[in-house]
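Please open the model in your viewer and keep the selection panel at hand. The tour below goes from one selection to the next and says what is to be found at each stop.

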Amino acid sequence: MSLSEEMVRAIVELDESRAIEIAKKRLEAGEDPLKILDDLRRAAEIIGEKYERGEYFVSDLVMAGEILKGISEIVRPKLKELGVSRKVVGKLVIGTVEGDIHDIGKNIVVTMAEAAGFEVIDLGVDVPPQRFVEAIKQHNPDIVGMSGLLTLAIDSMKRTVDAIKEAGLRDKVKIIIGGGRVDQHACEYVGADAWTNDASQGIRIMLKWMEEKKR
Amino acid sequence: MSKQPIEEWMERHRKEPDIVVKEKAERFLKAVELKEPDRVPLMFFTCGHVFAKWFKLSEVYFNYSKMRDAIVKFVTTFPSDIFIAAPAAEGFVLAVAFADVPQIAPVVRFITGPMHDILKDKWTRWPGRELAEHLPFQFIGGEYMKPEEYKYLIENPVEFIHNTILPRACENLSKPGSAQHAHTIAKLALEAINYLNALTEINNTLLKLGFPPLAITFAYAPLDFIGDFLRHPTGAMLDIRRRPDEVKQATEALIKPILQVAFILKPTGAKFAFIPLHLNSMLSPKLYDEFYWPYLKRVITELYSNGIKSFVLFEGDHTPHLDTILELPKGWGIGVFERGDIRKIKEKLEGHTCVAGGILPGQLIGWSPEKIEEYVRELIKDLAPGGGFILAPGIAEIDPAIPDANLRALINAVLKYGARK
């Protein structure tokens, strides 16, 4: 088995120390850091599939996220040193909506989206509609992600989508909402394009949107 | 136009509250005993957010008489069979900290607005304080224990919480031994008495309005205690992989103080122990069966063998762990289920567990009253037979964004279709 395969396997098996050890070894051996990042994407994909099949749970995604983050942090200085950057598949502006300050779910999505090759602009928690609007104007993202745990988040999401519409930006972005109490009814009420309470499914929806955009 | 069922029911609340109270109490107990009551009971549970329909939340949470007004407004507008209001934030850590002071421990089990002002705790955030005035309080927890400190928690949980956690998590307890520290503890004790008096008054008011109080005490899942108050859920989820043995020893060590708190109210006639779960649906069955369930199971069975049934809020989708519930003695208590297919849950647990749930906040916000009526009719048709079912929207909150007409449609539908066939 190649080191690349071994690393992907260690990540998927959530073997933190082994995965990080292999990543370090590969960098020391002078391997292309972009290849390592590509492996992170592959590992994240497999983990996402396992989550969708019900084999993995949130706690597994949290651990996986920690490993992916740990390895990216080792790789990043090397990329800088070499002056290379990774090809971005799309741009995502994400935040926990106004009134809600929970971020476990959002943080998982941020890590998984970065691993999938998205450039992520994380607005943090308790983000007012206007800040989403400003971030869209400033960063021109392909996708806006809104997260929230509390039931009140559903109403906040609606107000945010309305604000985006009022600013005339609704056609410029796809909107996905996510969180423990989000469902199809909430999605219709909010006026989003998709909903999920599954981070990896969310990533797949976003990747599909990016594919469609290319066509 | 003929009267809606809800109007007739409200009229009976006004005319004969004593009889209504008796009916509701019997209805609830029948369901808990896994039988079919005269009608499917409807349960409303709120942490106060729904009061934003009429009141400024910053006022409701910080003024106990406003809180009473808000509760009265809610129950007289949207009546239910079982009504639970806990307009205060998760604070079980304080109950454990004061487990040896039985007069205070159960009262500080929830952190009220005034208690938050006294403690300046970082676990919770409040409207008109850290949050905008119209928002509900939020429990955010946080990381107040370092991973390498498990050994101290294991050695003596209560001491560790007092000496290390409270000073870190509460600004006004940050200097043990200082005058400020002593004043804060004294003020908290006085506030506990204030709140207890307010609760007694609220319960008496509710009783007069036709709403029976539940004889409740409180317990907790040991791993949630670690996730919610000490390590943050993310930290706890990483710890079970990075320090599995220490996590197990700590959850073991927490069982005793948790039960000590739960039994404080036993002499007052407590019949149900309220246990909200948080990490349950985030764990794989493998991790749940190893780190979460064995310890929670011991809490529940110990309570049961002491005559206290558990009232467990299964947050998220508990479906992957449903089978474990069957390990409990039949009639162990009530499971409130937030997500998952309630029909399948009921089917699996029928004759063993009283199942509560059935309609989600998103449905209640987005659907038309007609659709809600139709949905409730079908739900009752499927789930009422066999008994042991309580209809409840969501798990611990009623969203103020739910239109009044939809809440009325829900109540009307239960009254219209819920009677035993």
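Which element of chain B gives the largest share of the lining of the second largest pocket? In this predicted model, select helix 9 of chain B, which supplies nine residues of that lining.

If you colour the lining by class, you will find 29 nonpolar, six polar and one charged residues.

Next, turn to the contact between the chains, to which chain B brings 35 residues and chain A brings 26 residues. About 2500 Å² is buried between chain B and chain A, and carbon and sulfur atoms give 62% of that area. On the chain B side, select B:Gln138, B:Arg241 and B:Arg339, which lose the most area to chain A and together make up 20% of what that side buries.

Stay with B:Arg241 and show A:Asp60 as well, for their side chains meet in a salt bridge (2.3 Å, N to O). Between chain B and chain A the count is three salt bridges, and there are 11 residue pairs in polar contact.

Finally, select helix 11 of chain B, from which seven residues, the largest share of the side that touches chain A, are drawn. By class, that side has 19 nonpolar, eight polar and eight charged residues.

Conventions
Residues numbered from 1 in each chain as written. Chains lettered and ligands numbered in written order. Predicted model: local features only at pLDDT ≥ 70, side-chain atom pairs only at ≥ 80, totals over all residues. Heavy atoms only, no water. Helix = DSSP H or I, 4+ residues; strand = E, 2+ residues; numbered from the N terminus. Nonpolar A, V, L, I, M, F, W, Y, C, P; charged D, E, K, R; others polar. Contact = heavy atoms within 4.5 Å. Buried area = accessible area lost by both parts, 1.4 Å probe. Salt bridge = Lys/Arg side-chain N within 4 Å of Asp/Glu carboxyl O. Polar contact = N/O pair within 3.5 Å; in protein donor to acceptor, adjacent residues only side chain to side chain.
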